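Subject: Structure for you to look at

Hello,

Here is the structure I said I would pass on. Please open it first, then read the notes below it.

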Amino acid sequence: MKQKLGLAYREGLVGYLFLTPVFVFYAIFLVIPFIFSLFLSFTEWGGFDLASIRWVGLANYRTLFSANSTFLHPILTNTFTFAFGTVAISFVCALAVAYFITRLRWEGLWRTLYFLPSVTTVVAIGNIWLYLYNPTNGLINEMFTWVGIPRQNFLQDPNTALTSVIVVGGWLGIGSSMLILSAGLKAIPEDYYEAADLEGGSLWKVFLGITLPLLKPSITFVLITSFIGGLQSFTLTMVMTRTGGPGDATNVAGLEMYKQAFSFGNWGLASAMAFVLFVCIMIITAIQMRFFRQGGVESY
């Protein structure tokens, strides 16, 4: 018995030794930065000399939630609007595209074409759409003039700037979401559709009664990852509007953190913003997980 226990102990020790590089990597690049960022959120620091870190307690959080703070509104409001808008556009379009291309010839070709924007850098995508949105010679405004619609200052007008960026973000997310949803559609057994045909079910009823319930795991993954990505996004906004303008019309939390840390040297305030956003992401993810907890092929 002791010999067996000793053997099991040695095997477990060898396993942990093999996992040590992973644990070290995880600690260096995730755990330690997380703890250090949490510590910084209670301090005032310019980002250079560690000896200059000054403990300020909850002062950074009080600043964020003060009456004259712009973090809650419009920055956090813009962040959630951007996340919800991009997820709504990308999910609906990706679901439609995935549903139809799985029923077309040369499915792999169509999937590749729709996925290409997802492997293109955000900087390139943002600059291409800057030309499309150009108020003087942009393609979209040229099309507007052809049908008698006045030219629009998409990114210069506070009323349309955020919506214009949301459209680009939603379009950019279609490819990756489509790939996951099409894989989920492929995993649904054909027996369910054959039984529905025998019962005389319409296309819409089959979609609502079979496809959507059995696709729930894929939908859950797409919505959660897309929403987290939307809340953390700032590159697209930076490329298309530089500083989140006009005014703060397109300023989002990720961009504001970047500006506070690297432009203004307020690393403590930027860290506090990051942890407020972290809590928001945790709450929303938990709600989504609970809502989509059941369903999928494995539930039938």
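Glu-256 and Lys-259 sit three residues apart in helix α13, which is about one turn of the helix. An α-helix has 3.6 residues a turn, so residues three or four places apart point the same way. The two side chains form a salt bridge, and their closest N and O atoms are 3.6 Å apart. Glu-256 and Lys-259 are both buried. Keep in mind throughout that this is a predicted model.

Another joins Glu-44 to Arg-54, with 3.1 Å between the closest N and O atoms. Glu-44 belongs to strand β1 (residues 43-44) and Arg-54 to strand β2 (residues 54-55), so this pair ties together parts that are 10 residues apart in sequence. Glu-44 is partly exposed, at 46% relative accessible area. Arg-54 is partly exposed too, at 45%.

The side chains of Glu-142 and Arg-151 also meet in a salt bridge, at 2.9 Å from N to O. Glu-142 has a relative accessibility of 25% and counts as partly exposed. Arg-151, at 36%, is likewise partly exposed.

Next, the pockets. The largest pocket has a volume of about 560 Å³. Its lining is made of 17 residues, and those nearest its centre are Ser-37, Met-257, Ala-270, Ala-274 and Phe-275. Three helices, α1 (2-40), α13 (253-263) and α14 (267-291), each supply at least two residues of this lining. Which helix gives the largest share of the lining of the largest pocket? It is α14, with eight residues. Sorted by class, the lining of the largest pocket holds 13 nonpolar residues, four polar ones and no charged ones.

The second largest pocket contains about 450 Å³ of space. It is lined by 22 residues, and Gly-169, Leu-172, Gly-173, Gly-229 and Gly-230 are the closest to its centre. Helices α3 (71-101), α7 (161-172), α8 (174-186), α11 (216-232) and α12 (235-241) each supply at least two residues of the lining of the second largest pocket. The most comes from α11, which gives five residues. By class, the lining of the second largest pocket has eight nonpolar residues, 14 polar ones and no charged ones.

Gly-169, one of the residues closest to the centre of the second largest pocket, comes up again in the contacts of Thr-86. Thr-86 is in helix α3. Is Thr-86 buried or exposed? At 7% relative accessibility, Thr-86 counts as buried, because the cut-off for buried is under 20%. Apart from neighbours within four places in sequence, Thr-86 is in contact with Ile-166, Gly-169 and Gly-170.

Helix α3 also holds Pro-74. A cis peptide bond joins His-73 to Pro-74, and its omega is about 15°.

Which residues of α10 are buried? They are Val-206, Phe-207, Ile-210, Thr-211, Pro-213 and Leu-214. The elements that cover these buried residues include α3, α8, α9 (190-198) and α11.

Last, the loop between α12 and α13. Pro-246 is found in this loop, and the peptide bond from Gly-245 to Pro-246 is cis, with omega near 0°. Arg-242 is in the loop between α12 and α13 as well. Phi of Arg-242 is near 65°, a positive value in a residue other than glycine. Arg-242 is exposed, with a relative accessible area of 53%.

Regards

Key
Residues numbered from 1 in each chain as written. Predicted model: local features only at pLDDT ≥ 70, side-chain atom pairs only at ≥ 80, totals over all residues. Heavy atoms only, no water. 1 Å grid on protein atoms, 1.4 Å probe; cavity = no way out; pocket = protein on both sides within 12 Å on 5 of 7 lines; lining within 4 Å. Points joined across faces, edges and corners; volume = space filled by probe spheres on them. Helix = DSSP H or I, 4+ residues; strand = E, 2+ residues; numbered from the N terminus. Nonpolar A, V, L, I, M, F, W, Y, C, P; charged D, E, K, R; others polar. Salt bridge = Lys/Arg side-chain N within 4 Å of Asp/Glu carboxyl O. Buried < 20%, exposed > 50% of the residue type's maximum accessible area, 1.4 Å probe, protein only. Contact = heavy atoms within 4.5 Å.
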